[in-house]
Amino acid sequence: WEGSSTANEETYESKWEFFEDGTMVMTIYSILNTQVTFAGSYVFEDEDTITLRLDKEEPDAPPGRRDIRMPDEDTLILTAPVSGAQAVLKRVQE
């Protein structure tokens, strides 16, 4: 999944990869062409909510709950219920 992530009124391009074994990798690209990658895991709390857990605790890491919305099968919207941070992602074909 690739698209834009918004947090603290900043927008970043991002790539989220979810694997069947419950692991995930998230890469955030800054406007200066640098990237930060976080690895961790995810767990479905229910069909509308996941919890992200990162392997390495970093001050700027965005772990926590995300509400899930899929307006269509190729669009995934993840929203942090407390901060309002949001990722609007499109399915990437492999």
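Mentor: A residue is termed buried under 20% relative accessible area, exposed over 50%, and partly exposed in between, with a 1.4 Å probe and protein chains only. The structure is a predicted model, in which local features need pLDDT of at least 70, side-chain atom pairs count only at pLDDT 80 or more, and totals for chains, interfaces and linings use all residues. Residues are numbered from 1 along each chain as its sequence is written, and side-chain values use heavy atoms, with hydrogens and water left out.

Trainee: Why is Tyr12 called partly exposed?

Mentor: Tyr12 has a relative accessibility of 29%. This value lies between the limits of 20% and 50%, so Tyr12 counts as partly exposed. The residue belongs to strand β2, residues 10-18. A strand is a DSSP run of E with at least two residues, and a helix is a run of H or I with at least four; both are numbered from the N terminus.

Trainee: Which residues are in contact with Tyr12, leaving aside its neighbours within four places in sequence?

Mentor: They are Gly3, Ser4, Ser5, Ala7, Ile28, Tyr29 and Ser30. Contact means heavy atoms within 4.5 Å.

Trainee: What makes Thr6 buried, partly exposed or exposed?

Mentor: Its relative accessibility is 33%, and therefore Thr6 counts as partly exposed. Thr6 is placed in strand β1, residues 2-7. Beyond its neighbours within four places in sequence, Thr6 is in contact with Thr11, Ala85 and Gln86. Thr6 and Gln86 are separated by 80 residues in sequence, yet their C-alpha atoms are 5.2 Å apart.

Trainee: Why is Glu47 called exposed?

Mentor: The relative accessibility of Glu47 is 68%; this is over 50%, so the residue counts as exposed. Glu47 is located in the loop between β4 (35-46) and β5. From its C-alpha to that of Arg69, 22 residues away in sequence, the distance is 9.5 Å.

Trainee: What makes Asn33 exposed?

Mentor: Asn33 has 76% relative accessibility, which is over 50%, and so counts as exposed. Its place is the loop between β3 (23-29) and β4. Asn33 and Asp21 are 12 residues apart along the chain, and their C-alpha atoms are 30 Å apart.

Trainee: How many helices and strands does the protein chain contain?

Mentor: The chain has 0 helices and 8 strands. Its order from the N terminus is β-β-β-β-β-β-β-β.

Trainee: How do you know that the protein chain is as compact as a globular protein of its length?

Mentor: Its radius of gyration is 12 Å, close to the 12 Å that the globule rule gives for 94 residues, so the description applies. The radius is taken over C-alpha atoms, and the rule is 2.2 Å times the number of residues to the power 0.38. Along the principal axes, the C-alpha atoms fill a box of roughly 35 × 30 × 30 Å. Of the 94 residues, 30% count as buried.

Trainee: Which strand has the lowest mean pLDDT, and which the highest?

Mentor: Strand β5 (residues 49-54) has the lowest, at 80, and strand β8 (residues 86-90) the highest, at 92. pLDDT is the predictor's confidence in each residue, from 0 to 100. For the whole protein chain the mean is 83, and 90% of the residues reach 70 or more.
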